[in-house]
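I opened my notebook to look through this structure.

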Amino acid sequence: VDAIFEDSTGTVWANAEPGGLYHLDDGSWKFLDAGPGASICMTEDSEGSIWFGNDLGLVQLHRQPIRAYTSRDGLPDDDAISVCETTDGTICVGLNHGSARIRNGDLQQPKGAEPATDYQTRCVCPTPDGGVWLAKPGYGVIELYGDTFLTRIPQSALPGLPNVLYPDRSGKLWVGTDNGALAFEGKGLVLRHEIILPEKMRDVRTFLQDRTGAFWFGTKNQGLVRLHDGIATCFNQKNGLSHDNVWSLHEDADGTIWAGTANGLTRCRDGKLFPFWCRDGLLESTINCVLEDDFGYLWLSGMQGIYRVERAQLNAVAERRVHTVQCLALGVADGMENPESNGGENQPAGWKGKDGRLWFPTKWGVVTFEPKSIPLHETPPQVIVEQVKADDELVSGDAVLSDLVPGVGPPLPDTKAKESPSTGSNTVRYVGNSTRQLSPGHGHFVEFKYTANSFVDPELVRFKYRLKGADLDWRDETHQRSASYFNLRPGNYQFEVIAANHHNVWSPVPAVFPFTLEPHFWQTGPFFLACAAGLLVLVMAIQGYRLRWQHRVHKLEQQRVLANERTRIARDLHDDLGTALTGLALELDVVGREAGAARPVSDRLSVTAQRTRDLVERMREVVWTVNPSCDTVSSLASFLEQQVSQFLRVDGLRAHLEFPENIPDLPMGAEARHQLALSVREALTNVVRHSHASQIWVSLELMEHKHDHGKPAPSGSLLIVRIKDNGRGFLPANQTGHGLDNMKARMERVHGRFDCASISGSGTTITLSLPLADLTI
Amino acid sequence: MSIRVAIVEDDRTVRENLGVLINAASGFCCVASCASAEEAWQHLPGRAPEVVLMDIHLPGQSGIACVARLRTLLPNVHVIMLTIEEDSEQVFESLKAGATGYLVKYASPQEILDAVAEVHSGGAPMSSHIARKVVTAFRQPPAGDALDQALSPREETVLRMLAKGHRSKEIAEELGLSLGTINTYVRHIYDKLHVRSRAEAVAKFLGLGE
């Protein structure tokens with residue numbers, strides 16, 4: 001003996017040479033073929049599986065609570081349709097072809113030849129005296145007593161094809177066909193009743209006589225009918241039935257009726273119905289048969305297995321005390337060859353034996369188990385987060401694990417051992433609660449790999465996960481062992497995953513992986529604040545600019561209106577007043593000429609005419625200063641030219657103009673023009689009155705200010721007007737009398753300069769300089 | 001032989017008195033006086049005036065348009081524009097249209113007669129600010145086939161001196177030429193300006209300019 005081991009059930013396991021595995025049961029050693037290779041070590045996991053390590057690998061041994069009787073046991077057909085137990089404890093199975101009898105766990109076929117074996121045995125039902133009735137649609141009802149078959153009701157005596165056999169308490173046999181239900185009495189099955197149902201409701205699929213004596217008929221498509229004291233009550237989807245195909249009826253210890261339907265389970269208590277569906281925790285919609293064990297659990301057979309659900313939980317859900325029921329699912333791992341059960345449209349499709357065993361017909365044999373062998377509180381699987389990757393960077397876990405899908409891939413001994421709870425120290429680091437910090441920008445693709453330590457049927461292990469901080473609720477159940485999240489925003493998260501084993505037992509505590517995704521600086525609050533502030537400043541700046549712009553536009557508009565007005569006044573003065581005065585002067589000339597003889601009169605008229613002309617000229621000067629179209633340097637130049645020529649005309653002085661060949665159209669304000677023109681006039685007047693000069697030079701010059709960058713800017717131009725004479729000059733002390741102060745004041749008013757240089761005996765130079773302000777706003 | 005003068009002026013007082021004064025002066029006779037451009041185009045060709053005194057602001061067609069048309073009707077006529085506003089763009093425009101000079105309206109009768117006589121005898125007054133505008137105008141590339149209308153070097157010299165504020169007499173002295181020669185140059189400048197502006201108008205009409 002190399003190794004010896006006692007498991008939790010008290011069974012002792014031993015390995016003996018050569019390559020034999022023995023277990024001690026009921027005081028005797030039994031041999032178990034565990035394949036080649038000698039076991040070196042043994043252990044038991046939390047699910048009760050025994051693991052044997054030998055030199056070829058790892059062997060898992062799991063007890064299966066379900067016993068399936070199939071063709072291997074000698075059944076004539078694997079497709080079991082109906083099952084019942086006779087009064088002497090024999091199990092009778094209706095098969096797709098023929099029938100079978102199981103007595104004390106062994107197949108015991110009757111010696112007599114079964115008639116019509118090519119007909120389906122849709123229903124089996126015990127006779128009161130230890131025999132069994134078999135219903136074969138198209139053939140009739142046969143009685144099997146001992147080893148003899150006897151046809152009791154030919155098909156011709158039935159209104160339709162039989163789908164259900166039901167023995168009531170008085171010993172009558174009820175036969176439900178697709179065209180009505182009948183009751184037969186006595187050994188010879190004499191017809192007693194025919195229940196006259198409305199035509200549509202005649203397809204009866206199941207019967208139940210409850211403790212009050214009321215009769216229940218489950219129909220196909222037309223729901224449930226309760227017949228009591230001659231009063232029929234109908235139940236259907238409209239008043240709370242889960243589906244109108246009623247397959248199976250069961251009365252529990254409390255007198256509550258449970259109806260299994262093609263879609264869900266219905267509780268009928270005190271005439272009130274409550275439907276249960278998958279959303280209430282049922283694992284399947286189709287319920288072929290409802291049985292109850294001795295421990296307060298209902299057993300529902302469906303298309304994918306057999307399910308246990310606690311009655312008390314169902315009641316709690318119906319009373320809204322609990323949200324969902326917990327179902328335990330039995331399937332292939334528990335010993336079924338095929339989890340699809342039969343029945344539904346025909347009954348009985350399940351039977352509870354006197355010994356408490358439950359029997360169900362399936363697609364692959366008839367199955368049976370002791371409900372007490374199924375633990376009420378099974379150890380839930382332990383779930384762990386194995387690995388976390390953020391943008392392909394390993395955050396937690398072992399890189400080696402990455403591409404293995406535990407339990408589904410080849411059973412590598414190393415992997416199995418690592419995940420086994422007995423070496424659970426490896427997993428502790430994943431279950432820890434320390435929050436991981438993920439550096440900024442690692443939220444594009446976050447992948448979690450997780451698994452659960454359930455090895456009885458790993459393919460049936462299901463997971464539910466959620467990412468707190470991103471998911472509002474648990475995601476849908478999945479068999480996948482990884483979860484991915486994309487484009488996570490910075491913040492705090494906790495990944496949580498729970499698992500259910502093959503029995504649908506969920507881990508009560510999730511495995512968690514808390515982490516924080518650090519924000520980029522531009523994802524932080526202060527940055528947003530700064531952005532918001534920046535935006536605000538920008539908006540304010542734009543608004544400010546807009547307001548200033550509006551103000552400018554408004555101002556320009558005002559200026560434009562003013563300029564238009566000035567232009568209009570100027571034109572009116574010229575055209576109307578100017579022409580009228582000119583006409584008046586000419587008229588005076590003409591009158592003077594005609595007054596010929598009277599010399600003094602004609603002289604005075606001629607003087608008056610000249611004054612009138614002077615008036616026009618004065619007016620013209622005024623208009624010139626007002627007219628906005630004259631707001632230029634070149635206009636000033638031409639005005640000065642006219643003034644000089646007038647002085648020349650009057651006094652016979654020799655005047656020289658020195659203007660630039662090209663005078664740009666630089667803008668010049670009306671006030672500046674006016675003051676400068678008046679200053680020039682004053683200077684010219686001084687020359688004429690006081691200087692005794694014979695020649696006069698008037699020059700105009702434009703200088704450009706040298707700016708810091710040495711760039712000439714038109715707006716920085718300096719206008720210089722010089723009036724020079726060759727007269728006698730004057731002493732600076734006498735300046736006051738010559739209106740010099742006046743000129744100075746005029747120039748200063750428009751931010752200009754006035755300079756006077758006089759050398760006694762050789763003339764005077766008056767320099768008027770004026771910076772040209774940028775008139776554009 | 002007195003100078004045949006015509007007046008185109010919409011103000012009746014000015015027109016009539018000016019006519020009386022011209023007729024009264026020896027050596028001048030007023031052959032026509034019209035109140036509008038349309039009237040002038042109708043009557044003046046038949047009266048063959050030598051000098052026309054033309055108001056720049058006329059009702060209906062402006063004095064400028066009137067000048068341009070008169071110059072085609074009477075190619076040898078000299079037009080003197082009458083204006084109140086001396087440096088207006090319209091003065092230059094009328095010179096471009098073919099006027100030979102301009103006078104401020106409030107000039108005395110003697111000044112008016114002097115100006116008429118001067119123009120008649122071949123004189124061509126040009127103030128410095130008009131000269132500057134002419135310089136600018138000639139700086140533009142000529143439109144159409146008016147390339148031969150560029151100024152000669154002498155004409156350019158005279159024009160520049162005028163633009164600087166020098167008077168015809170001063171220029172004559174400075175260049176050692178007679179006043180008449182200077183006047184001829186200036187008249188040529190006027191003519192070339194006129195031709196250029198006509199070419200410009202044609203080019204504009206044909207869509208060549210601008």
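Where in chain A does pLDDT stay under 50 over residues that have 6 contacts beyond four places in sequence? I found that stretch at residues 707-714 of chain A. I kept in mind that this is a predicted model. Where pLDDT is low, the predicted coordinates should not be read in detail.

**Entry: confidence in chain A**

I looked up the average next. Chain A has a mean pLDDT of 83. In chain A, 90% of the residues score at least 70. Helix α3 of chain A, residues 425-431, has the lowest confidence in that chain, with a mean of 36. Strand β34 of chain A, residues 358-362, has the highest, at 94. I also noted residues 401-432 of chain A, where the pLDDT is below 50. This stretch still has 40 contacts in the model beyond near neighbours in sequence.

**Entry: confidence in chain B**

Helix α6 of chain B, residues 128-139, is lowest in that chain at a mean of 79. Strand β1 of chain B, residues 3-8, is highest at 93. For the model I wrote down ipTM 0.82 and pTM 0.53.

**Entry: where the chains meet**

How many residues of chain A are in contact with chain B? I counted 37 residues of chain A, against 35 residues of chain B. The size of an interface is often given as the accessible area lost when the parts come together. Here about 3,100 Å² is buried between chain A and chain B. Carbon and sulfur atoms give 53% of that area. I searched this interface for salt bridges, and the rule finds 0.

The crossing of α4(A) and α1(B) is left-handed. From α4(A), the contact includes A:Thr579, A:Leu586, A:Val590 and A:Arg593. From α1(B), it includes B:Val14, B:Leu18 and B:Leu21. I sorted the residues of this contact into 7 nonpolar, 5 polar and 3 charged.

**Entry: salt bridges**

I searched the whole structure and got 44 salt bridges over all chains. One of them joins the side chains of A:Arg566 and A:Asp631, at 3.5 Å from N to O. A:Arg566 is in helix α4 of chain A, and A:Asp631 is in the loop between α5 and α6 of chain A, so the pair ties together parts 65 residues apart in sequence.

Most residues other than glycine have a negative phi, and most peptide bonds are trans. I looked for exceptions. The peptide bond from A:Gln347 to A:Pro348 is cis, with omega near 0°. A:Pro348 sits in the loop between β32 and β33 of chain A. A:Ala116 has a positive phi, near 55°. I placed A:Ala116 in the loop between β12 and β13 of chain A.

Notes
Residues are numbered from 1 along each chain as its sequence is written. Chains are lettered from A and ligands numbered from 1 in the order in which they are written. This is a predicted model: local features need pLDDT of at least 70, side-chain atom pairs count only at pLDDT 80 or more; totals for chains, interfaces and linings use all residues. Side-chain values use heavy atoms; hydrogens and water are left out. pLDDT is the predictor's confidence in each residue, from 0 to 100. Helices (H or I, at least four residues) and strands (E, at least two) are DSSP runs, numbered from the N terminus. A crossing is left-handed if the near helix is turned anticlockwise from the far one by less than a right angle, and right-handed if clockwise. Contact means heavy atoms within 4.5 Å. Ala, Val, Leu, Ile, Met, Phe, Trp, Tyr, Cys and Pro count as nonpolar, Asp, Glu, Lys and Arg as charged, and the others, Gly among them, as polar. Buried area is the accessible area (1.4 Å probe) that two parts lose on being put together, summed over both. A salt bridge is a side-chain nitrogen of Lys or Arg within 4 Å of a carboxyl oxygen of Asp or Glu.
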